[in-house]
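Open the structure in your viewer and keep the sequence panel beside it. Please take me on a tour: what should I select next, and what is there?

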Amino acid sequence: VQLQAFGGGLVQAGGSLKLSCAASGRTFSRYGMAWFRQAPGKERELVAGISSGGGTYYADSVKGRFTISRDYAKNTVTLQMNSLKPEDTAVYSCAATVHTISYYSGYAYWGQGTLVTVSS
């Protein structure tokens, strides 16, 4: 599966931004999908994931603020980010896995990153 991410940009703290990830291939529905992020000088973090069946996972740092969803007809995964904070600034990447979505090391397919900058 090939992935392409869209939607990064600059937003003020408290604002919202939506990221989208388009997947190619007819087997999209079989994959768990997720968004990761990596801030300068920090390790990559699993932000949110959604299983093939629609179950979700969120990092504690984004619970209640971010929502992940998927559209099986359009082969897309969306991350709606609300109440953004400066510490959400990072490069966000989408990824696909055949393993459980919370298994960090199980993601074998990656899209390019998109930069999200939250100003204070």
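**Stop 1: the disulfide**

The count here comes to one disulfide. Select Cys-21 and Cys-94, whose sulfur atoms are 2.2 Å apart. The model is predicted, so treat each position as a prediction. Now look along the S-S bond of Cys-21 and Cys-94: the angle about the bond is 65°, and the link is right-handed. Next, color the strands. Cys-21 is in strand E3 and Cys-94 is in strand E9. The two are 73 residues apart, and their pair links distant parts of the chain.

Are these cysteines, Cys-21 and Cys-94, buried or exposed? Cys-21 has 0% relative accessibility, so it counts as buried. Cys-94 is buried as well, because its relative accessible area is 1%, under the 20% cut-off.

**Stop 2: the sheet around E3**

Stay with strand E3, and show its neighbors. In what order do the four strands of the open sheet lie? The order is E1-E3-E8-E7, with antiparallel pairing. Select strand E1 (3–6) and strand E7 (66–71): these are the edge strands, and each pairs on one side only.

Zoom in on E1 and E3. Strand E3 covers residues 17–23, and four bridges join E1 to E3. The two strands run antiparallel. For one example, select Gln-4, whose bridge partner in E3 is Ala-22.

**Stop 3**

Select Asn-75 in the loop between E7 and strand E8 (76–81). Check its backbone: Asn-75 has a positive phi of about 55°, although it is not a glycine. Asn-75 counts as buried, because its relative accessibility is 17%.

Move on to Ser-83, in the loop between E8 and strand E9 (90–97). Ser-83 is not a glycine either, and its phi is positive, near 50°. Ser-83 counts as partly exposed, at 39% relative accessibility.

**Stop 4: the salt bridges**

Side chains of opposite charge can pair when their charged atoms come close. How many salt bridges are counted here? The count comes to four.

Start with Asp-60 and Lys-63. Their side chains meet in a salt bridge, 3.1 Å from N to O. Asp-60 counts as exposed, at 62% relative accessibility. Lys-63 counts as exposed too, at 51%.

Now select Arg-65 and Asp-88, whose side chains meet in a salt bridge at 2.7 Å, N to O. Arg-65 lies in the loop between strand E6 (56–58) and E7, and Asp-88 in the loop between E8 and E9, so the pair ties together parts that are 23 residues apart in sequence. Arg-65 is buried, with a relative accessible area of 10%. Asp-88 is buried, with 1%.

Glu-45 forms a salt bridge with Arg-37, and their closest N and O atoms are 2.8 Å apart. Arg-37 counts as buried, at 7% relative accessibility. Glu-45 is partly exposed, with a relative accessible area of 26%.

Keep both pairs on screen for the last view. Which residues are linked in a network of salt bridges? They are Arg-37, Glu-45, Arg-65 and Asp-88.

Note on methods:
Residues are numbered from 1 along each chain as its sequence is written. This is a predicted model: local features need pLDDT of at least 70, side-chain atom pairs count only at pLDDT 80 or more; totals for chains, interfaces and linings use all residues. Side-chain values use heavy atoms; hydrogens and water are left out. Two strands pair if DSSP finds at least two bridges between them. Buried means under 20% relative accessible area, exposed over 50%, partly exposed in between (1.4 Å probe, protein chains only). A disulfide is a pair of cysteine sulfur atoms within 2.5 Å.
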